[in-house]
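Open the model in your viewer and keep the selection tool ready. We will go from stop to stop.

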Amino acid sequence: GAYILHMLRWILGDNDFYTGMQNYFKDPKIANNFARTHQFVEHMENAADTSLTEFINDWYYGEGFPVYSVQFAPAESNSLKITLSQTSSHNSVDFFEMPVPIRIYNFGKTDSMDFRLNHSFNNQEFIVNPEFNVSEIKIDPEYWMVSKTAEIVKVPLIESTDEIVIYPN
């Protein structure tokens, strides 16, 4: 339960999350009464002006967690193409739609950049513009989500197709 609140804070941002919490605590209909999930969700949705239906269905009523895989490769104009894939650890949730924090590093980890990828379908591709050559990626480096990382694969850039020769058997 506490980690669901932690993830909700990541999704909504501190300002909307704490505003929703304060409104929930100050609601006279809830004071000295039973607290219900739908009342809490209503206050959070109003504070952030968004719907949390998908989040609550996946994380509160569903089971399991996402297992992420990433492929990354250099793209045009000094950008980086990231392909984010996900499987679920339990069949009650087919896909966990949520922002995924990614940190990219240069060689030697002397520089890094953070990105927030709004992951809404499997094998989704993102183009980001780092300020350096990327040698490593880490998913959720500050542990905002309940998740597991299956694999992270760097796809090498092939400069010339003249090097590839295919022969019949």
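Select Tyr24, Phe25 and Phe40: together they form one aromatic cluster. Rings of Phe, Tyr and Trp (its six-membered ring) pair if their centres lie within 6.5 Å; planes under 30 degrees apart are stacked, over 60 edge-to-face, and the rest tilted. This is a predicted model: local features need pLDDT of at least 70, side-chain atom pairs count only at pLDDT 80 or more, and totals for chains, interfaces and linings use all residues. Residues are numbered from 1 along each chain as its sequence is written, and side-chain values use heavy atoms, leaving out hydrogens and water.

The whole structure holds six aromatic pairs. One of them is Tyr24 with Phe25, a tilted pair with 5.9 Å centre to centre and 55° between the planes. Are these residues buried or exposed (buried is under 20% relative accessible area, exposed over 50%, partly exposed in between, with a 1.4 Å probe and protein chains only)? Tyr24 is buried at 13%, and Phe25 is exposed at 54%.

Now pick Trp59 and Phe96. Their ring centres are 4.5 Å apart and their planes meet at 45°, so this pair is tilted. Trp59 sits in helix α4 (residues 53-61) and Phe96 in the loop between β2 (80-88) and β3 (98-105), 37 residues apart. Helices (H or I, at least four residues) and strands (E, at least two) are DSSP runs, numbered from the N terminus. Trp59 is buried at 9%; Phe96 is buried at 0%.

Last stop: Lys29, in the loop between α2 (14-26) and α3. Lys29 is exposed, at 65% relative accessibility.
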